[in-house]
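Dear colleague,

Please find below the structure that I am handing over to you, together with its sequence. My findings follow directly after it.

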Amino acid sequence: MPEAKPPVPNKPKSAPQKAMEKLGLLRDIDLALHLPLRYEDETRIDPIAAAREGQTVQIEGVVTESRVELRNRRQLLVTVEDASGELLLRFLNFYPSQQKQMAPGQRLRVRGELRGGFFGREMVHPTVKPVNEDTPLATSLTPVYPASAGLPQAYLRKAVAAGLARAPLAEVLPVGSLPPGLPTLREALNFLHHPPPRVALATLEDHSHPAWQRLKFEELLAQQISQLRARRERADLCAPALRAAPGGLHEKLLAVLPFGLTRAQQRVCEEIAQDLAKPAPMHRLLQGDVGSGKTVVAALAAAVAIDAGWQCALMAPTEILAEQHFRKLVQWLEPLGVKVAWLTGSVKGKTRQKMLDAAADGSAQLVLGTHAVIEDKVQFARLGLAIIDEQHRFGVAQRLALRKKLASQALEPHLLMMSATPIPRTLAMTYFADLEVSTIDELPPGRSPIVTKVFADDKRASVIARIRDEVEKGAQVYWVCPLIEESEALDLKNATETHAELTAHLSGHRVGLLHGRMPAAEKAAVMSLFSQNQMSVLVATTVIEVGVDVPNASLMVIEHAERFGLAQLHQLRGRVGRGAKASVCVLVYTGPLSPTGKDRLRAMAETTDGFEIARRDLEIRGPGEFMGARQSGAELLRFADLQEDSALLKAARDLAPRLLERDAGAAERHVERWLGTKAEFLKA
Ligand code: ADP
Ligand code: MG
């Protein structure tokens, strides 16, 4: 048999090629959409005398003198002259060839920043090009691209220009469907990569130029279409219609709850019940501030599913939180005869197999756990409802895995996502075209507001003294240690030291330690001591961030508060103020504070309203970052800004359904061009 294929020689990739790949610059279209950060103007020559200090200019002149001097170090000094004056060029490192290139009599085109040096006006290390009298000027501004180490601008410029020339940029959108006054895509891209001389740079830099508007519109449209499509695909899917049975679990659960539902809870329960009763899968986000009582809403939704004879899976991002749900739900539901299974990474061996069997044969009506619940091995007999708590804490990829897993069933389950990081309403309505939103906008009665105080870390000793006083009076305290991004080990050291320090200062009181590296059983043991008030102080890393519920805890100290994001601080603070006791949150920071750090701490001190916090967070950070990779796939928006470009967003939102209706092929090609393989992620 002849060889099927000759061996392909392994051509090694060059460093710039690898760097381009890392930046995601693979297809021609990717290159065409890699837009300049800024521009350099090489289209004109300024007279030497007219150039001002601090300006980057291009001048052209003839070398009148060139000499090497030894001041502090060897340097090359070149004087050039044009009709208006002369200028000194200074080179601290130079090759003999450069010296030759800049010999007296040579005409040079020089680009650089003009400085007012001790010896007069000069440029240090300018870009120099030998020219003659009729060397043409650049005909467009020179783009400066986002690059990375090992990727020279010159290389990138060539690659982008080639990609731009080759990219298939024919208009995909029907003529007349775009907002008026926008150029074609090809015109827009040609313009942005190579703007003509004397264009108003400001409109390019603030992205208000029509060429920019066109790109933003395209991007927003792709986003809207793909979300709309996902929504329609889902509407075509079938789900079991779930209704509570008269006299069933749902009614019984309501009857045994130790409290009545707030009006807001009743309303969202009703919204969820209506979705569940439909034969199409629910895709709903339940948002409500920390402590607003989402868990009981989840339990009631689960009860509807179980009533209807289906299984419910409830997932939480951490074991601690999963364990909390487990305890609470078991406490409510087991006495009513519900069979519960428990799946996390730390449930192993025989027990795990038993849980897996119970999920697979349908005997477990409620399956609780971490993302272990969505692992391949887990099968459900009749999964009717999946609930994800603190959904923004799951990565996009994890949510996608979940959806894939669920989709493999003959009937899709309903999906309820819960989050304490509210999406501002306008954003939710315009941007999350694929999501219904229910909001709990009221806290259960009888909560006393949390007072937040901000101290610099030189007050740490008095904070500790204050804690001792409070603990003497029977208070329970959380002490949150900072998150150090780079090092989990450092995190741990910090928490351990603080634990030792507080133990020393609070003799006679129990101080516990909780961190992410502890075995789950140990974590659960510490949490249980704290929640039963057998422990006064809990020193913890951010593992307690979400969901921990100990109503008697009324004081929280957060160290290095400046290192936390606003949403995270709000989440943490939400661990106190859960009971009737007046609660205090102390934010200890280490200066100097950055301006945004200051804004964050001020926001925390001024309000405890989660929606207000979210609004401020949006202001401080901007929507892209606000939602981040976890929340939405909004990171896929490279050009548009949801706040600034709300008019374009609205136009895109209007066009998307019309386009899908009239020219589904065009809609398809448009999404493919913009999102390629990333379109999947938008469904997560
Ligand atoms: P979150 O929305 O942050 O998940 P939880 O579900 O943990 O909030 O609820 C916070 C606390 O409030 C829990 O102790 C819960 O039992 C209690 N709770 C929930 N709803 C009510 C209510 N309607 N009345 C009184 N307490 C409630
Ligand atoms: Mg919760």
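The lining of the second largest pocket comprises, by class, twelve nonpolar, 14 polar and nine charged residues. Please bear in mind throughout that this is a predicted model.

The pocket

The second largest pocket has a volume of about 810 Å³. Its lining is made up of 35 residues, and those closest to the centre of the pocket are Gly293, Thr295, Lys328, Asp549 and Arg578. Two helices, α10 (294–307) and α11 (319–333), each supply at least two residues of this lining. The greatest contribution comes from α11, which gives seven residues.

The parallel sheet

An open sheet is formed by six strands, in the order β17-β22-β21-β18-β20-β19, and the pairing is parallel. The edges are taken by β17 (450–456) and β19 (511–514); each has a single partner strand, so one side of each is left without a neighbour in the sheet. From one strand to the next, the twist averages 20 degrees. Helix α15 (residues 460–472) packs on this sheet and touches β17, β18 (476–480), β20, β21 (553–558) and β22 (583–589). The direction of α15 makes about 155 degrees with that of β18.

The mixed sheet

A further open sheet contains seven strands in the order β6-β7-β4-β3-β2-β5-β8, and here the pairing is mixed. Its edge strands, β6 (115–117) and β8 (127–130), each pair on one side only. On average, neighbouring strands of this sheet are turned by 45 degrees against each other, direction ignored. Strand β3 (residues 74–81) and strand β4 (residues 86–91) run antiparallel and are joined by six bridges. In this pair, Val78 stands opposite Leu89 in β4.

Backbone details

Two points in loops may be of interest when you inspect the backbone. Which form does the peptide bond from Gly591 to Pro592 take, cis or trans? This bond is cis, with omega near -5 degrees, and Pro592 is found in the loop between β22 and α19 (595–606). The other point concerns Arg198, which has a positive phi of about 65 degrees although it is not a glycine. Arg198 is placed in the loop between α5 (185–193) and α6 (201–205).

With kind regards

Terms used
Residues are numbered from 1 along each chain as its sequence is written. Chains are lettered from A and ligands numbered from 1 in the order in which they are written. This is a predicted model: local features need pLDDT of at least 70, side-chain atom pairs count only at pLDDT 80 or more; totals for chains, interfaces and linings use all residues. Side-chain values use heavy atoms; hydrogens and water are left out. Two strands pair if DSSP finds at least two bridges between them. Helices (H or I, at least four residues) and strands (E, at least two) are DSSP runs, numbered from the N terminus. Axes are lines fitted to C-alpha atoms, for helices over the stretch in contact, and angles run from 0 to 180 degrees between N-to-C directions. Contact means heavy atoms within 4.5 Å. On a 1 Å grid over the protein atoms alone, a cavity is a set of points where a 1.4 Å probe fits but cannot get out, and a pocket is an open set with protein on both sides within 12 Å along at least five of seven lines; lining residues have an atom within 4 Å of a point. Grid points are joined across faces, edges and corners, and a volume is the space filled by probe spheres set on the points. Ala, Val, Leu, Ile, Met, Phe, Trp, Tyr, Cys and Pro count as nonpolar, Asp, Glu, Lys and Arg as charged, and the others, Gly among them, as polar.
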